[in-house]
Structures are given as structure tokens and as C-alpha cells.
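Hi,

Here's the structure I promised to pass on.

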Amino acid sequence: MGRTIPSFRIAEEQEAAEWRSFRKALPKEDRAAFDEMLSSARLFTSASSAAVRPSKFEGMAMAIIFSHYKTLSRCAVAAKTRGVRPEG
Amino acid sequence: MVVWLKLESGEAVRLVDRWSPSIFVGADNKADFAVPIYTVRQDYEWTRPVQMRESVIDPKTSEVLEMKLKDATKSQQVAGRIERLGPFGTFRLYNADIPPPQSYLYEKDLFPLAQCDVVTREGRLQWKLEDDVWDYEYAVPGLRKVKLDVEVAKEGKLPRLTDRLESATLESDSGKITFEGGSEADKLLALVQAVRDADPDFILTNDGDTFLFPYLIRRAQANGLTSQLVLGRDRTAMKAPSKGGTSYFSYGRIHYKPSAIKLRGRVHIDINTSFTYSEAGFEGLFELSRTCRMPLHTSSRASIGKALSSLQFYHAHKAGLLVPWKPTLAERFKDRSELMVADRGGFIFEPRLGVCENVGELDFSALYPNIMYRKNISAETIRCSCCPDSDNRVPELGWNVCKNKGIVPLAIEIIVEKRLRYKELEANTTNKADRPRYSARQAALKWLGVTTFGYLGFNNAKFGRIDAHIAVCAWDRKILLDAARIAEERGFEVVHGIVDSLWVRKERADSGDYIELGADIESETGFAMTFEGVYKWLAFLPSKADSGVPVLNRYFGAHSDGTLKVRGVDARRHDTPLAFRRCQMDLLKIMARAGSALEVRDTVPECTRVFFGYADMIMHHELSASELAYTTNLSKAPDEYTTMTVQNSAVTQLTREGASLHAGEGIRYVITDYDGRDSRRAIPLDMVEDQIKYDVERYIGLLARVCSAVLEPFAPECTAQFLMRSYEAHRSGPLTS
């Protein structure tokens, strides 16, 4: 008995490891940004786990998109406060 | 069966009951019973067909063969012979690995330390129980305790079985006797006589199983006193156990369990290997033995899981349910999507990284045992075939739960109810002397409750099934999410939540508001909540590998009354050197005086001075080796290490000195030359003689990390490097001035 499916926390690490080749092919300055992006998925691990998606990538991708959305929203609010109008 | 009684007069009496345990054999074709009846005819007194429940999932009884054994110690051997009489499954064996003393207690409905009357009739004992296992205020007979220790005349750096006995010490409430005069044989005989005179019920040792008793046995052999080394009550000479200890893997770590050395008529407690004694003392041990119907000797060494199994076996016995020798209860089939929903743990809200102020902590009381008890979760109750229309359904999965009480809820009723009552007694007693007793008893029951959940999914558990384990986690997720929703509806923000605890905050909320929230959650979820307090400030720490990601269960904070709660940092880690733990705790105590995060920042200069003080002590070798020793469990056998790590350098020296180490055994070592490449990088603490030169630079660097771990959340500039630079400046200051 015991767990059949790894916890999302472990699955997330496995998924990140599977993207090692992608990371390796990036210029040095981009690797830190890539690591930071993957880290942002770890801020929402419980929510990704609760979503119960068959692909671990889906949960991670949603967490990263959500994290970026929140950052953008904060930027938009900050810009609005300073009177900056977004272009386009 | 040999039974030791403690009379009201204080005298210990040995009684023998003509009794032996039964094992049971099941087979699809009852005619097949003739085969074992003939084959093992030498091993049983009699056999008879009886109606019993073979499986926990089958409420019906069936005919099985009861075999009353002649020799209680051979039950597994006989069971093995029967099992091999046909392909696996032809003969199903039951009750074969229940220790005979436990079977005896179940059968006679007795428990250790129970008050009872007994009559001997034709070689059999007739018992009349005058006690109740549910009693909270039971009387324990007057028990005498002694502590035994030896001093070894070491010839090498480590004590060996071949070294001569320097002295032996026996310590009791009435004083301490040391045997050091005369020959080694004189000392051994004087010790034996002193134990006989003191006639203790308990002999406590440090490392009695691993070293002290094997050593005394070897010294007795060397002096031709093998038959005279009698420390038990029944005049049987001590002998070394026939089998060695075992290494095992549990929760990500390797552990080592030595073979137990038991004394007849007395209880030997090896303080270093008794989990129950170390966690809950004698009172906890008594409570555990009574509740789980396990002899004191066994319960002092047994894992809590074994004690829990014993409690389940007792209830199985009462219910006419047999205990399978080799459980075959398999997980129910699940398709992929169901498995993905099911196979998850309890819920966690990621902590809000950094420092928060005015945070309230609310914990569910004994949540998992209460889920099992009140939601009737057991291997046989989940998706039972008899109640498909049951209203009791597992959240998210919709599985039905049986309307009849399961074996696990039956067994844990006493754990849940008694613990709750002891906690009430502890809180409400006016007699302060009673408080530690209630506290120890509830602590022992707490560990039983914790283990109950793990045993639902443990592959060696007789009444476990992963589906029951899954059901508990599903309930947990629902309860914690419901609690968070209730908190948010009342304007609180959830800053962290883990399985059964919730940390919430709301501006200007006070204790009353948090208590009210707890009451609301309790009334809506139906599970009791306790209010742990309000934190003036609380820091959730990041991962060491990724500073942007919070880590569960790594936090520290100060309550309004200045008390600290510290989890996962060095101050709480048993592998960290004592001096480091003390230093970090000193820092935290200073920080706890501050009322806000900003005020904590103001304490940085004072905390830095504390760091300097400890660093100076390291620099001047004023800290002893034991204060700087790291503790670690060997993850493998000594000959399996391939690189010369710091741990391996200590292991290498120990094995060179003749120490016999096993995977899972603990060692303590001091770093002497971290950057070195040979086996002198560290020295085992056991081999330290007087003062040693430890690696000052390495230790100060490590101390800086320990200090920065608690300072950095409040003052980001306080990194380990910054503290090191400050220390260097502090050292050079007085020198240059």
C-alpha cells in the first residue's frame, strides 16, 4: 500500500527536471529567469494539486500564468496610480 | 503462561497458568483440514471446528479449524508448515503472530497493572477483574525502580565487550551504591546480590540493549560466572539474544532497532530505545500498556504502531474476528481519474512568505482520529457491500461508508475519549501534583492517535486498506477548506494552513475574535477547534534552495505573552549542535520581547552581540566537544560509504576502533578539519579525550548561518556573510585600538 501517484510537490520537481535540456539551451542570463518562472509555480502548489489534472504540466502552467497575471495586475494598478496609460 | 503479580503487601509473586494459544486455519474445502490435522499432530493439544469471522470485510462467520498449540513459542513455525501444505491460499492462517502474552490478556480480558483477584485451580488461574480499562483515576501498585550503570576500564578509545569492568552503579530513591572494590568477579557478584536485595520491578539503563547488558553477559562469561549473572526475579541467568538488531526504513530515514534484552519478573527499560518512556515517562507507559493490553516490557520497546495493533487485535478477539497472519486485503480498483482524485494527502495552504503581524492560530483537536472515529472509517466500512445507500459519504469521491461500526473506530474510541478527558482533567485539576500524570497519559494516547492514521495505509497492518487512508485525507481536505471559507467570510485572511491547523489574520482582531471564529468553524464543521493564541509577529521562512518559495512547517513567532513557537529551524533540530540551538534560542528570546516586526529589527544589534559572544567562545575553544557535536543516523552500513564525507570520516574511525555499526544507528561527531581530505575531517564524540581542536572557522561560519536564519526575515542585510564580516570587524577592532 502507500501512494501510487506522487504528491504534486514531487511531481512538480520531476517536471522541472524534465525541462533541464530546455534550460541548458538558454543563454546564461535567461537561465535565472527560467528558474524564477518555474519557482512561481511552487507558490500555488496546493491549488495545482487540488485541480487534479492528468498532466502535471497543466497544473504548473496554470500556476505560472496565474502568477504572471497577478504580477501584471499589480503593475497595472501601480501604473494607473502614477497616471501612466498602457499602450495599445 | 507465567504471570507476575504484585500483591497489596508489595511482594511480587510468580504464578503459572496451564494455557497455550490457539492458531486458526481456514480452507475453502473443509475436507482439507484433515491434512494439517495429521501433519502437525505433534504440535497441538487438540483441534476443533469453530465458527469465526475470517475477514474484516465479511460480516458472516465461517467454519475454521482451531488448533490449541502445545508450545506457545512455535505458533509461526507451525503456521508456516501448514501454509506450505498447498499452493498459497489453500490454507489461510490466523492469529499465528500474536505474541502469546497478548493473546492471554485478550482471552482473559485482562490488562497490565489491572487490579484483580486470582484463584489457582488444577494448574489454571481463574481471574476476577476488579478494575476498568476506562478508569481515569486508577491506582498503580507501588513499583520499585533502580537505574543501573557501568564504568568500563577502556583499553582503547571506545569501550569494548572485552574491556574489564571498572565499576557498576545501582541508583534508586534510597541512594546510590557503587561496586568498585575487589576483582571483576567480586563486582559482578556484588551487583547481582544488590539487585536481589533491592528487588526492583523496573531496571532502567542507558543502552542496556546495545551495550550494557551484552557487556555484563560477556564479563560474566570471562569470569566463569555465566550461570550466576541473575538480574531477573526467577533465578534464570541472563543470556545474549539469539538474533541481532534490525535496520529499517521509515518516513525517509533509516533507523536501527537493537534486539531487546528482557529480564524475567522485572521490566528492563532501555531509556535510549524506549519511545514511550522518553515521550511520556512511566505514567505514559502504564497508560499505553493498560489501554493496548501489552506487557510493560513489550510496550516499553514496541513502536506505537505495534501498541495500536494490539488494541485492534483485542477488539477483533471480542468480535470473533480472526487476525490474518498474512493480510491479503487489497485496494479496490480505481480508474485513472478516480485514482487522481483519491490519491492525495491532507490540504495545505502555502504560507505567506515573510513576516506577518497579529496572526491567530486555530488547531483542530486530534482531527484524524476524530475523523476515523466519527465518520466510521475503517478498512471494511469504506465502500462496503451492505450499505450502498448510506448517507455517510466520502467527500469528493462519493464512496459509501458502512452503517455498522468498523474495527478501527471501535479500537480508537478509547484513545479519543480518554485523551479528551485527560486533557480536561489536566486543565481543570486544582491539585498541581496530578497535572504531570494527566499530561503524560494524554501524551501517550496522542501518539496512539497519530499512528492510527498511518496504520490505515500501512502494508503490514492487519486491518489496513489504502481506501480508508484516502477517505481520511478526503475528509481533511473538506474540513480545512470549509474552515478557510468560514474564516474568509468573516473577513479573516488565511496566511497558512496545514492539515489540521490554520493561521489567520485580520486587522485589529483580538483573542476574542479568533476564539469566536474557532467556535463558528467548530459549529459548522462539527470538529472541535482549539485556539492556540495570537502572534505579535510570525515569520514564515523560505526554502534553502529557493529563497522565493515558502517551506511548510518552517516558521517561528512570538505570542502576545512573549512565549515562542518555533518549528523547523535549528533551535528545534536534534541533529544541530547544542551550542547552535542554544544560541538561536537566545536570539529568539530577545526578539520575542519585541511587539512588532519593526521592533524586532531594533533588536538586531543586541542579537549580533549574542552571536559575537558564541563565536568568541568557539574561537577560544571555550565550548566543549559535546556542545558542538552533530548527530546523525547512518543512512547505510559503514562499508557502503564511498566518499570521505564528514560523517564517513567519523564512521571510519569508529569502525577502526572496533565499533560495530549498523545502518540506522546514530553517531555524534565534531568537525575537526572540514577542508581536509582524509578520515580526520571529524572525530566521533565517543573518541574525544579531554579537549580537542575543532575547526573554528567552519563552526563560526555555520553559527553565522544559524543566526542569520532568524534575523534575515526582519533585517535582510543580516546574511551569514554579513554576520561573518561584522564578526571579523569586531575581532580586529579591539586588537587595533
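**Aromatic rings and their neighbours**

One aromatic cluster is made up of B:Phe580, B:Tyr630, B:Tyr669, B:Tyr694 and B:Tyr699. Before you go further, bear in mind that this is a predicted model.

Over all chains, the count of aromatic pairs comes to 32. Take B:Tyr136 and B:Tyr422: their ring centres are 5.6 Å apart and their planes meet at 85°, which is over 60, so this pair is edge-to-face. These two come from distant parts of the chain, 286 residues apart. B:Tyr136 is in the loop between strand E8 (124–129) and strand E9 (145–153) of chain B, while B:Tyr422 belongs to helix H11 (residues 407–428) of chain B. B:Tyr422 counts as buried because its relative accessibility is 0%.

Another pair to look up is B:Phe611 with B:Tyr727, with centres 6.1 Å apart and planes at 65°, so this one is edge-to-face too.

B:Arg374 has its charged end over the ring of B:Phe527, 4.7 Å from the ring centre. Likewise, the charged end of B:Arg698 sits over the B:Tyr674 ring, 3.6 Å from its centre.

As for the overall layout, chain B splits into domain 1 (2–130), domain 2 (145–271) and domain 3 (605–736). Between the C-alpha centres of domain 1 and domain 3 of chain B there are 55 Å.

Cheers

How values were computed. Residues are numbered from 1 along each chain as its sequence is written. Chains are lettered from A and ligands numbered from 1 in the order in which they are written. This is a predicted model: local features need pLDDT of at least 70, side-chain atom pairs count only at pLDDT 80 or more; totals for chains, interfaces and linings use all residues. Side-chain values use heavy atoms; hydrogens and water are left out. Domain bounds come from an automatic or database domain assignment. Rings of Phe, Tyr and Trp (its six-membered ring) pair if their centres lie within 6.5 Å; planes under 30 degrees apart count as stacked, over 60 as edge-to-face and the rest as tilted. Helices (H or I, at least four residues) and strands (E, at least two) are DSSP runs, numbered from the N terminus. Buried means under 20% relative accessible area, exposed over 50%, partly exposed in between (1.4 Å probe, protein chains only). A charge sits over a ring if NZ of Lys or CZ of Arg is within 6 Å of the ring centre and within 35 degrees of the ring normal.
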